[in-house]
Amino acid sequence: MNEEKNYKEKLMKMYVKRELSLLKRNEKFNFACVQCGECCRNRDDILLNPFDVFRLRREKKMSLQDFVEKYCEFYTGNTSKLPLMRIQFRPVYELNGFVTGTRCPFLGQTEGLYHCRVHKAKPFVCFSYPLGRIQELGKETEYLLQNDGTCKGAVKAKDEKIMQVVEDWMGGKEKLDREERFNALYSYFLANYRKWINVDKLAENKKAFPIYKKWAAIVAELLYANYDFTSDDDGFLEQFKTNIDAIQTISEAVVKEFAKPIDLRPKP
């Protein structure tokens with residue numbers, strides 16, 4: 001786990017120093033999935049964004065509570081103070097009962113090859129792998145190739161000169177357009193919610209903490225649950241924007257409601 005974290009921190013430092021080669025939609029990169037399943041093992045960093053949760057819940061036809069209990073972990077971000085979700089990997093046991101590691105609950109196996117049992121609804125971080133997304137405000141989305149030298153698919157692609165086009169690898173133009181539209185909305189929310197309410201004070205002040213718990217529950221409902229699951233992906237995006245607007249309205253109302261006992265106005 002620490003190696004994965006250190007690798008991601010190394011990637012971010014390289015990006016900041018402009019030491020990474022970034023890819024645009026029409027550019028090519030070396031990669032070939034060999035269905036070894038290694039990228040679906042021994043991880044605790046597969047976070048689910050609201051779009052991921054919508055697609056997975058629609059695919060599984062499950063309530064949010066049942067979905068979380070069976071597949072995920074709900075927790076509060078240390079820095080963001082937001083309700084977050086990540087996939088809860090399951091232990092893998094040897095015949096003697098010892099745990100040898102963990103694996104994604106959606107990882108399946110057929111005739112020695114591994115596959116995703118929710119392939120059509122798999123999370124962004126999974127279907128985009130080995131690509132990572134870089135988005136700076138006001139700039140075109142770019143992608144970076146994550147390769148720590150251990151992936152068998154990357155080794156095979158390099159040896160056999162197998163190339164992929166970014167847009168095709170990410171599911172085609174329509175799907176990638178939709179992903180970038182969602183990312184723009186979600187990035188807007190993440191960049192602005194602290195302008196609506198002083199969430200750090202709300203979470204850390206003893207008097208305000210009961211208010212924070214209610215606020216966080218409402219935010220979780222609006223981010224992950226308040227959707228018509230018969231709608232398509234474009235319908236989700238419309239609902240997601242409405243939900244973001246609702247979070248802003250509710251946050252500003254909380255600030256106004258508790259203005260006298262607790263000043264929850266955003267920091268200047």
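1. Basis of the note. This is a predicted model, in which local features need pLDDT of at least 70 and side-chain atom pairs count only at pLDDT 80 or more, while totals for chains, interfaces and linings use all residues. Residues are numbered from 1 along each chain as its sequence is written, and side-chain values use heavy atoms, with hydrogens and water left out.

2. Helices (H or I, at least four residues) and strands (E, at least two) are DSSP runs numbered from the N terminus; two strands pair if DSSP finds at least two bridges between them. Strand 4 is joined to strand 5 (residues 83-87) by five bridges, and the two run antiparallel. One of the residues in these strands, C72, has I87 of strand 5 as its bridge partner.

3. Contact here means heavy atoms within 4.5 Å; axes are lines fitted to C-alpha atoms, for helices over the stretch in contact, and angles run from 0 to 180 degrees between N-to-C directions.

4. Helix 2 against helix 3. Helix 2 (residues 50-60) and helix 3 (residues 64-71) pack at an angle of about 95°, and their axes are 11 Å apart. The two are therefore roughly perpendicular (65 to 115 degrees). Helix 2 supplies V53, L56, R57 and K60 to the contact, and helix 3 supplies L64, F67 and Y71. By class, these residues are five nonpolar, no polar and two charged (Ala, Val, Leu, Ile, Met, Phe, Trp, Tyr, Cys and Pro count as nonpolar, Asp, Glu, Lys and Arg as charged, and the others, Gly among them, as polar).

5. The 1-11-10 sheet. Three strands form another open sheet, in the order 1-11-10 with antiparallel pairing. Its edge strands are strand 1 (22-23) and strand 10 (131-134), each pairing on one side only. Two bridges join strand 1 to strand 11 (residues 142-145), and L23 stands opposite Y143 in strand 11.

6. Hairpin of strands 6 and 7. Strand 6 (residues 90-93) and strand 7 (residues 99-103) run antiparallel and are joined by four bridges. Y93 stands opposite V99. Five residues lie between the strands, and in this hairpin G97 takes a positive phi near 95°.

7. Backbone points to check. Most residues other than glycine have a negative phi, and most peptide bonds are trans. N42, in the loop between strand 2 (28-30) and strand 3 (47-48), has a positive phi near 55°. Y129 and P130 are joined by a cis peptide bond with omega of about 15°; P130 lies in the loop between helix 4 (124-127) and strand 10.

8. Lining residues. Y129 and P130 also line the second largest pocket, among them N30, F31, L145 and K158. Helix 5 (residues 152-160) gives the largest share of that lining, three residues. The lining has seven nonpolar, four polar and one charged residues. A pocket is, on a 1 Å grid over the protein atoms alone, an open set of points where a 1.4 Å probe fits, with protein on both sides within 12 Å along at least five of seven lines; lining residues have an atom within 4 Å of a point.

Key: Parallel < 35°, antiparallel > 145°, perpendicular 65-115°, else oblique.
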